[in-house]
Amino acid sequence: MNLRKQAPKLKAGDEIRILSPSTSLSIVSEKNRLIARQRLEQLGFTVSFSQHVLENDDFTSSSIASRVADLHEAFVDPKVKGILTSIGGYNANQLLAHLDYELIGAHPKRLCGYSDITALSHAIYAKTGLITYAGPLFLTFAMLQGNEYTTAYFQKLMLEEGSIQIQSSPEWSDDAWYLDQDKRIFHRNAGPYAIHDGEAEGSIVGGNLCTLNLLQGTPYMPSLEGSILFVEDDYESSPATFDRDLQSLLHQPGFDQVRGIIIGRFQQASHMTKELLRQIISSKKELASIPVIADADFGHTTPQFTYPIGGKASICARNGIVNIEISE
């Protein structure tokens, strides 16, 4: 990997380009598209859309050529300062062998997304050293209730200087809010808890676990040495598949140099419980001597904090108290 690079902080008036490297934006209702655009404009940004953002094929996506062209155009356009991916999906890893990483590295921009975007963001970081961001999608900004925390942490990381102490959101939700914004279900947030106590500092790697694992054995997998791993999974996971996917990550070169793990909140459909997660973690000797924190505010539930892939994390878990600090 090249030396770590950081795109400039965003500021009021900056243009954010919306593109669809995975699922097409066309599956998002026009109403929610309008709300998301208005919310970003209220934050002071100018919003533009890539040429093929609404292209839609048999896989509710678009051609590799269209998606690559949109991504390259966003990076080379001098007016564009940030890039938001429209939504997640399944096929962002199709793009990795077709990207011009020299072009991307020469025009650093702040690219943000999560879920399937994990493949794209980590490939860019691995090949160019450019810090990318796990955080809200364009669709996320269409959420009318319960989105204050997500927005605040996006602004903290994208606009403000200095390190960020992660505080827990008061509530969390796992409902299909994009289908009916008036019928929301919120749960009190007890905050993160420690499975293994300890302290650690390191560079941040990680996101959606099953997507990150698609990069194993490829040139697009970042080094795990000296890292704090952030991992989460979605409603399609289960305790058994999470165990398997985590074990696969533990087998990667350099895992013995991982310094700590933070696990994002599971979706309810995964049927993960604290007891099952503790059993999974305790079964892995590779994790016995490092801090492991669970139920942090990132992943496929909402709200979520934004974190920098390639940035820095410091964690401390002692006597039932968990502290997480991140910085670029």
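Author: A helix axis is a line fitted to C-alpha atoms over the stretch in contact, and the angle between two axes runs from 0 to 180 degrees between N-to-C directions. The model discussed here is predicted.

Reader: Are helices H7 and H8 roughly parallel or roughly antiparallel to each other?

Author: The axes of H7 (residues 239-250) and H8 (residues 274-282) come within 11 Å and cross at roughly 25°. Angles under 35 degrees count as roughly parallel. H7 and H8 are therefore roughly parallel.

Reader: What is the handedness of the crossing where H7 passes H8?

Author: Two packed helices are described by the angle between their axes and the distance between the axes. For H7 and H8 these are roughly 25° and within 11 Å. As H7 passes H8, the crossing is right-handed.

Reader: How many aromatic pairs does a search of the whole structure find?

Author: Rings count as a pair if their centres lie within 6.5 Å. With the whole structure searched, the number of aromatic pairs is eleven.

Reader: Which kind of pair do Phe141 and Phe154 form?

Author: The ring centres of Phe141 and Phe154 are 5.3 Å apart, and the planes stand at 75°. Planes over 60 degrees apart count as edge-to-face. The pair of Phe141 and Phe154 is therefore edge-to-face.

Reader: How many residues apart in sequence are the parts that this pair ties together?

Author: Phe141 lies in the loop between strand S5 (132-134) and helix H5 (148-159), while Phe154 is in helix H5 itself. Phe141 counts as buried at 2% relative accessibility, and Phe154 is buried with a relative accessible area of 2%. Because one partner is in the loop and the other in the helix, the pair ties together parts whose separation in sequence, in residues, is 13.

Reader: Which residue lies over the face of Tyr153?

Author: Tyr153 forms a tilted aromatic pair with Tyr149, 4.5 Å centre to centre with 40° between the planes. The two are four residues apart in helix H5, so about one helical turn separates them. Both Tyr149 and Tyr153 are buried. Over the face of Tyr153, at 5.6 Å from the ring centre, lies Lys156.

Methods
Residues are numbered from 1 along each chain as its sequence is written. This is a predicted model: local features need pLDDT of at least 70, side-chain atom pairs count only at pLDDT 80 or more; totals for chains, interfaces and linings use all residues. Side-chain values use heavy atoms; hydrogens and water are left out. Rings of Phe, Tyr and Trp (its six-membered ring) pair if their centres lie within 6.5 Å; planes under 30 degrees apart count as stacked, over 60 as edge-to-face and the rest as tilted. Buried means under 20% relative accessible area, exposed over 50%, partly exposed in between (1.4 Å probe, protein chains only). A charge sits over a ring if NZ of Lys or CZ of Arg is within 6 Å of the ring centre and within 35 degrees of the ring normal. Angles under 35 degrees count as roughly parallel, over 145 as roughly antiparallel, 65 to 115 as roughly perpendicular and the rest as oblique. A crossing is left-handed if the near helix is turned anticlockwise from the far one by less than a right angle, and right-handed if clockwise.
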